[in-house]
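Please read each point alongside the displayed model.

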Amino acid sequence: MEYRIEKDTMGEVKVPADKYWGAQTERSRNNFKIGPAASMPLEIIQGFAYLKKAAAHANHDLGVLSAEKMELISKACDEILAGKLDDQFPLVIWQTGSGTQSNMNVNEVVSNRAHVLAGNTLGEGQKLIHPNDDVNKSQSSNDTYPTAMHIACYKMLVETTIPGVEKLRDTLAEKSAAFMDVVKIGRTHLMDATPLTLGQEFSGYVAQLNHGLKALRNTLDHLSEIALGGTAVGTGINTPEGYAELVASKIAGFTQLPFRSAENKFEALAAHDAIVESHGALKQLAVSLNKIANDIRLLASGPRSGIGEIIIPANEPGSSIMPGKVNPTQCEALTMVCAQVIGNDVTITVGGTQGHYELNVFKPVMAANFLQSARLIGEACVSFNDHCAIGIEPDLKNIKKHVNNSLMLVTALNTHIGYEKAAKIAKTAHENGTTLREEAINLGYLSGEEFDKWVRPADMVGSLKGK
Ligand SMILES: O=C(O)C[C@H](O)C(=O)O
């Protein structure tokens, strides 16, 4: 491996000759060999690129950075945003809790790339753009990392999570409408209950996802507040007058998203309640999706010895040993995703508690877990939609068989003969393996005609058509 020498305030460090990063990145690489797969998410790096570019523009507008430096910093940031420098960010999330080393990784890469963009050779000559004095101008890790975090999380929610959940919600709404007149047996405590329609059952899933989406959207306002301009402790030391508002408007312009300067920079640095709040909504969605996937796999169980009231697409051979077996694999993947998100919520909750005085120092782990959850929920919903939900069909034969066998149709008799006589009919039919109709007549409580008039599953589903 060929090296060049880079310097920081602690001295000289050897870095790989062909990489743009500098001394502080290399120190972090050497000092935190923890979980090499846990890279700082590229979405965070992209968030940094947006804010470094915005800071360069704001600094220039406010007269503290030359046009030449602004142009070079902007160009290097644009290359990061275009994904051209993805291999220049080797650090892991298990580093300083402020994310300083990733902030410096971006500062160093922008500085060295700008050097080359200005026509120089990497590692040779005096750098025109200093990583701290120019790229990090009017900034600290303490306000840049939370800003990158909010940009990355907000973008992931609106670009991946919300569209994914909406796609599944729309399919379930179509299924609900299509199945609205399919009368099936209800189950409470997993035991037979009174009937409802398959469409009514699915309408509950649609409402769950609508509430989850609403909860998630409600968190976007807090997430749109950005910490930039607070610098080290929230006071804005080393920033020019008007910088915080200007840089926020630049970020909003570059991202086309409604970011604004945080009302209170002390909160924005020291607490990450916006992340805790928003991940709470992701957890709510995970809880809903888990229930939906569980219902669907139980309803589809069988094909001969299960409930078998719906048919789901057979996508792959399920078993390496049992020929012809097909499994509800999309339900399994989705519920595993839900488990991961619920686990991430614990990490994020613990992370959120770790603000001490002016700084929260669990930033990287909070950001990484949030981004993982937000991506997983969005992508798992699309996968579940395309490979399962869209193909769900009712098994009308089984549905009818279960309705006709059900003892809980007897509930319709409560208002005619009373709870105790109705219970006697149900228990006797269960003991004797007979039908409700047979036992109702045998016990002399009502005639066959009365039974047929009063016990009609289709009349027992109420008028609530999923509204
Ligand atoms: O890196 C910085 O800008 C500040 C650092 O996180 C600190 O507060 O020590």
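1. Q256 is exposed, having a relative accessible area of 67%; here buried means under 20% relative accessible area, exposed over 50%, and partly exposed in between, with a 1.4 Å probe and protein chains only. Although Q256 is not a glycine, its phi is positive, at about 60°. Q256 lies in the loop between α9 and β6 (260-261); helices (H or I, at least four residues) and strands (E, at least two) are DSSP runs, numbered from the N terminus.

2. On the basis of the note: this is a predicted model, in which local features need pLDDT of at least 70 and side-chain atom pairs count only at pLDDT 80 or more, while totals for chains, interfaces and linings use all residues. Residues are numbered from 1 along each chain as its sequence is written, and side-chain values use heavy atoms, with hydrogens and water left out.

3. T231 sits in the loop between β5 (225-226) and α9 (243-255). Is T231 buried or exposed? T231 counts as buried, because its relative accessibility is 2%.

4. The peptide bond that joins G302 and P303 is cis, with omega about 10°. P303 belongs to the loop between α11 (273-299) and β7 (310-311) and counts as exposed, at 76% relative accessibility. From P303 to V326 the separation is 23 residues in sequence and 9.0 Å in space, C-alpha to C-alpha.

5. G418 occupies the loop between α15 (414-417) and α16 (419-432). With a relative accessibility of 23%, G418 counts as partly exposed. G418 and L223 are 195 residues apart in sequence, and their C-alpha atoms are 57 Å apart in space.

6. Side chains of opposite charge can pair when their charged atoms come close. A salt bridge is taken here as a side-chain nitrogen of Lys or Arg within 4 Å of a carboxyl oxygen of Asp or Glu. How many salt bridges does this rule give? The count comes to 25 salt bridges.

7. E6 takes part in salt bridges with R4 and with K127. The closest N and O atoms are 2.7 Å apart for R4 and E6, and 2.8 Å apart for K127 and E6. K127, at 31% relative accessibility, counts as partly exposed.

8. K69 and D134 form a salt bridge in which the closest N and O atoms are 3.2 Å apart. This pair also links distant parts of the chain, with K69 in helix α3 (residues 67-81) and D134 in helix α5, 65 residues apart. D134 counts as buried, at 8% relative accessibility. Salt bridges that share partners join K184, R187, E201 and E309 into one network.

9. Which residues surround the ligand? They are S98, T100, S140, S141 and N142, where a residue is near a molecule if one of its heavy atoms lies within 4 Å of it. This shell divides into no nonpolar, five polar and no charged residues. In that grouping Ala, Val, Leu, Ile, Met, Phe, Trp, Tyr, Cys and Pro count as nonpolar, Asp, Glu, Lys and Arg as charged, and the others, Gly among them, as polar.

10. An N or O atom in the side chain of T100 is 2.7 Å from an oxygen atom of the ligand. For S140, a polar side-chain atom is 2.7 Å from a ligand oxygen atom; for S141, the corresponding distance is 2.6 Å. The ligand taken alone exposes 270 Å², of which the protein buries 55%.

11. N105 is part of helix α4 and counts as buried because its relative accessibility is 0%. Leaving aside residues up to four places away in sequence, N105 touches W21, T25, Q88, F89, P90 and L91; contact means heavy atoms within 4.5 Å.

Notes: A polar contact is a pair of N or O atoms within 3.5 Å; within protein, one must be able to donate a hydrogen and the other to accept it, and residues adjacent in sequence count only if both atoms are side-chain atoms. Accessible areas come from the Shrake-Rupley method with a 1.4 Å probe; for residues, only the protein chains shown count as cover.
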